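Dear colleague,

Here is the structure I said I would pass on. My notes on its aromatic side chains follow below.

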Amino acid sequence: MMNGSRKSDRPVVATKPANKNGSVVRSSTETKAEPVEQRELAKGKPPRQNTNRAQDRADVRSALGRIRQAAKRDKQVKFTSLMHHIYNLSTLREAYYELKRDAAAGVDGATWQWYGEELEQNLADLSARLRRGAYRAKPVRRVFITKEDGRQRPLGVTALEDKVVQRATVAVLNGIYETDFLGFSYGYRAGKSQHNALDALYVGLLKRKVEWVLDGDLSACFDSLDHEWLIKFLEHRLADQRVLRLIRKWLKAGVLEKGQWQCSKEGTPQGGSASPLLANIYLHYVFDLWVQHWRKTKAKGDLIVVRWADDFVVGFQHQSEAVRFQQELAERFAKFKLKLHPEKTRVLEFGFHAIENRKRRGQRKPETFNFLGFTHICGQKRSNGMFTVLRRTMRKRKYSKLKAVKRELRKRMHQRVAEVGKWLHSVIEGHNRYYGVPTNLPALGSFRHQVGRYWYRTLRRRSQKTRLTWKRMLPLIARWLPWPELHHPYPLQRFGVTT
């Protein structure tokens, strides 16, 4: 190019010549094929194929794509040969790098950094043991975390090699079950987040004829999954006995609590990579398919459903159908050894005419319900008085987070103001990114103000002769604590684009 201009950085490809190079020249005026003309790739085109040419770096995405296509093409097909995808070195390597690097160690004491010092040797040995059936799952180390209501929730810490194998297995099985899972199931699925479920619920309450809501929750779902039923559900799609034996090993590995091993006859330990997928498969057959059939055969009015793991919301047009659904659902769950939470499961009046109907009957405002950290409230638009759904940060979630911030501030009392300010900035920014939805700005502002008050009290405790006043504290708050900001559009906008 002239004038010293820079050539394009995009790769070039060769165009097909008009005649083959090396063809017979029939006359002195006929020449061989001209050199191949080079032209640039169109914008957005990949410069190389999606699979690596080197066998030791072979990309498994094409193989998983073929599994997904086969599962989508035939909903009744059973897969008989999947194990070789699991013990593939590339699959195991990708699974290892997807693990959390600072996660707690399991019963074997192996950490991510220690295992990675001789990664290729360790993965080769793991692959060989999986291939010949010598792999043994280790017990899960059980720890307890305190819930918001004060109760203790058991959490399983899985050994590192078990995490690698579980994540590799999940990557393979996702190709099958992502084609089977229904659209109203959102929990722990690729490409689906809590806000997708919240958008679907908002749009359903606003656009469908919903007047009653069943706010449902399962009691100890992960700890109550029946192993035999789970294997039967898996056999609908899996005919590879090696994969089924691998899953049985995780289910029967047991837990190690206070140095004592306990056999696990039911449930999947929370914290394992495979537990969310296994729970989704279980609830797909127990709940999702049953709800879909109930909606088609028994529901007379509109019915919406949104499920995130063991937490779900079902909307009805008629109260009688909501009550009947709850009774039959309890019987359905009992058959598969599941139980609705008696305190968190209830039917309430919530919908387009709920405010008017309750006001006409002389009753109080409609009840609210909680879902994925938000309290859903029947409200009215200021412009025209039409029905809308207001979403506020759950009170328990808000004050639980504030208590954690208060405890951490006491630990950081004598750190530099700038260091604490950066940490508080990240805390509030993360809070805003999840709870920053329309109609929730007042709750975000309250959270920011309360964090500022806690910080002010902490700084005043640093010295008995402090001169810090609230007037001097305000510039620090303005400097380090971000203002409330909406990070999510109105659900009608985003749901219309993604659906």
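**Aromatic contacts**

The structure, which is a predicted model, holds 23 aromatic pairs. In one of them, the rings of Trp-229 and Phe-336 have centres 4.6 Å apart and planes at 65°, so this pair is edge-to-face, the angle being over 60 degrees. Trp-229 and Phe-336 are 107 residues apart, and their pair links distant parts of the chain. Trp-229 belongs to helix 9 (residues 227-234), while Phe-336 is in the loop between helix 12 (319-335) and strand 10 (346-349).

The two residues can also be described by their accessibility. Trp-229 has a relative accessible area of 26% and is partly exposed. Phe-336 is at 4% and counts as buried, because that value is under 20%.

Another edge-to-face pair is formed by Trp-294 and Phe-316, with 6.5 Å from centre to centre and 85° between the planes. Trp-294 lies in helix 11 (residues 275-297) and Phe-316 in strand 9 (residues 311-316), so the pair ties together parts that are 22 residues apart in sequence. Trp-294 is buried, with a relative accessible area of 2%, and Phe-316 is buried at 0%.

Trp-229 and Phe-336 also belong to a cluster that ring pairs build with Phe-233, Tyr-282 and Tyr-285.

Two arginines are placed over tryptophan rings. Arg-448 lies over the face of Trp-483, at 3.9 Å from the ring centre. For Arg-479, the charged end sits over the ring of Trp-480, 4.0 Å from its centre.

Regards

Note on methods: Residues numbered from 1 in each chain as written. Predicted model: local features only at pLDDT ≥ 70, side-chain atom pairs only at ≥ 80, totals over all residues. Heavy atoms only, no water. Phe/Tyr/Trp six-rings, centres within 6.5 Å; stacked < 30°, edge-to-face > 60°. Helix = DSSP H or I, 4+ residues; strand = E, 2+ residues; numbered from the N terminus. Buried < 20%, exposed > 50% of the residue type's maximum accessible area, 1.4 Å probe, protein only. Lys NZ or Arg CZ within 6 Å of the ring centre and 35° of its normal.
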